[in-house]
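Please look through the model shown below together with the notes that follow.

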Amino acid sequence: MPQSHVVTISRFLVDQEHLHPEATGAFTSLLHDIALAAKIISREVTKAGLVDILGGTDEENVHGEQVQKLDVFANLAMIRALDHTGLVACMASEESNGLIEIRKRFPAGDYVVVFDPLDGSSNIDVNVSIGTIWSIHRKVSKGERGTLEDCLQPGTRQVAAGYVVYGSSTMLVYTSGAGVHGFTLDPSIGEFLLSHPQMRIPEPPKKVYSINEAYYRRWSPEQQKLVTYLKTDGGFGSRYIGSFVADIHRTLLQGGLFMYPADSESPKGKLRLLYEAAPMAMIVEQAGGRASDGKRRIMEVTPESLHQRTPTYMGSKGFVELAEAYLAGKA
Ligand code: AHM
Ligand code: MG
């Protein structure tokens, strides 16, 4: 690629900012900080296989440092990249039970960041792709510091959402409501480079469904009927990585239908609304797809608690609508 065509994430964010004369630069700076955390987590993820050589969790490594579990490390990397910036009012994370307040010695800002620092962590030990998911809201409460109310906003109020997939390469994909853009990390220069501008789920999509089919017996008769149709008369193929970020990334690039339904043991499914489903819903919709809990847009659901779960159906619009029709008993 000629040098003039290389667009770093920094340049891209600044160019986007210039499209909004009212912008203060705070939002650009926030995305920058998240990209930095992603690079730090990525570096650590690529070293994961060396843990047994360098020392395991709760042990000291060869440098005399305590080795942390990767998900704990990722959580701290996100918090540390954001808490001192004066841009963030409060945060919430899959790894932290309650609200993450900004420490008193740092100023608080106008944005709220919620995240799953390392999703799919059961895949770490087998060297399969994992990811980070994040979402940004504007603070709505009146006080100086953020509150629970600021975190518990519906997906429609997100000002940006994104994910990082640590795969054969590390990619950062984000939307701020004007399309979805993907950047690939060039580890030799430590920069995310624009590789996938204006991502759209392809039409016609690849006919692929993605679900943990081992739970078949726990599903509703409607869910069973849907999957039976997809793999017989529907003519669909199947792919399931078991890493939400990686499964959605494939769905964005190729099309398909990702499902994590409710079942008799998990009446609300497994995935978390606030920092897993809602950010991915914004990205999928921005890429021309649909994201539903089986009945309604995930984006329109107001969370009642930080770690609330939701059934999840995402991907090519027509496929998600087909799933909704089956679940409503209309197909
Ligand atoms: P985690 O947050 O504990 O990592 O769990 C979330 C992961 C998702 O990445 C993935 O879609 C799902 O769990 C897979 O679950 P299952 O093993 O039940 O199919
Ligand atoms: Mg998770």
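## Backbone geometry in the loops

Asn 127 counts as exposed, at 74% relative accessibility, where buried means under 20% relative accessible area, exposed over 50% and partly exposed in between, with a 1.4 Å probe and protein chains only. This is a predicted model, in which local features need pLDDT of at least 70 and side-chain atom pairs count only at pLDDT 80 or more, while totals for chains, interfaces and linings use all residues. Residues are numbered from 1 along each chain as its sequence is written, chains are lettered from A and ligands numbered from 1 in the order in which they are written, and side-chain values use heavy atoms, with hydrogens and water left out.

Asn 127 lies in the loop between β3 and β4 (130–138), and its phi is positive, about 60°, although the residue is not a glycine. Helices (H or I, at least four residues) and strands (E, at least two) are DSSP runs, numbered from the N terminus. Gln 198, in the loop between β8 and β9, also has a positive phi, near 45°, in a residue other than glycine, and Gln 198 is partly exposed with a relative accessible area of 48%. The loop between β8 (191–196) and β9 (208–210) holds Pro 204 as well, and a cis peptide bond with omega of about -5° joins Glu 203 to Pro 204.

## The magnesium site

Which residues coordinate the magnesium ion (ligand 2)? The donors come from Glu 94 (OE), Asp 116 (OD), Asp 119 (OD) and Glu 276 (OE), at 2.0 to 2.4 Å; donors are N, O and S atoms within 2.8 Å of the metal (3.2 Å for Na, K and Ca), and because water is not among the atoms, sites may look incomplete. Along the sequence these donor residues follow the spacing E-x21-D-x2-D-x156-E. The pair of Glu 94, in the loop between β1 (88–93) and β2 (100–101), and Asp 116, in strand β3 (residues 111–119), links distant parts of the chain, 22 residues apart. Glu 94 is partly exposed, with a relative accessible area of 29%, whereas Asp 116 counts as buried at 1%.

## Surroundings of ligand 1

Ligand 1 has 14 residues around it, of which Asp 119, Tyr 215, Tyr 240, Phe 244 and Tyr 260 come nearest; a residue is near a molecule or strand if one of its heavy atoms lies within 4 Å of it. Oxygen atoms of ligand 1 lie 2.9 Å from a polar side-chain atom of Glu 94, 2.7 Å from a backbone N or O atom of Phe 244 and 2.5 Å from a polar side-chain atom of Tyr 260. The protein covers 81% of the 470 Å² of accessible area that ligand 1 has on its own, an area computed by the Shrake-Rupley method with a 1.4 Å probe.

## Cysteines

The count of disulfides comes to zero, a disulfide being a pair of cysteine sulfur atoms within 2.5 Å. The sulfur of Cys 90 has its closest cysteine sulfur in Cys 151, at 3.9 Å, which is too far for a bond. Cys 90 is buried at 0% relative accessible area, and Cys 151 is buried at 0%.

## The end of helix α9

Leu 327 is found in helix α9 (residues 317–327) and is partly exposed, at 23% relative accessibility. Leaving aside residues up to four places away in sequence, Leu 327 touches Glu 222, Gln 223, Gly 294 and Tyr 313, contact meaning heavy atoms within 4.5 Å. The C-alpha atoms of Leu 327 and Gln 223 are separated by 6.2 Å, although these residues are 104 residues apart along the chain.

Methods:
A polar contact is a pair of N or O atoms within 3.5 Å; within protein, one must be able to donate a hydrogen and the other to accept it, and residues adjacent in sequence count only if both atoms are side-chain atoms.
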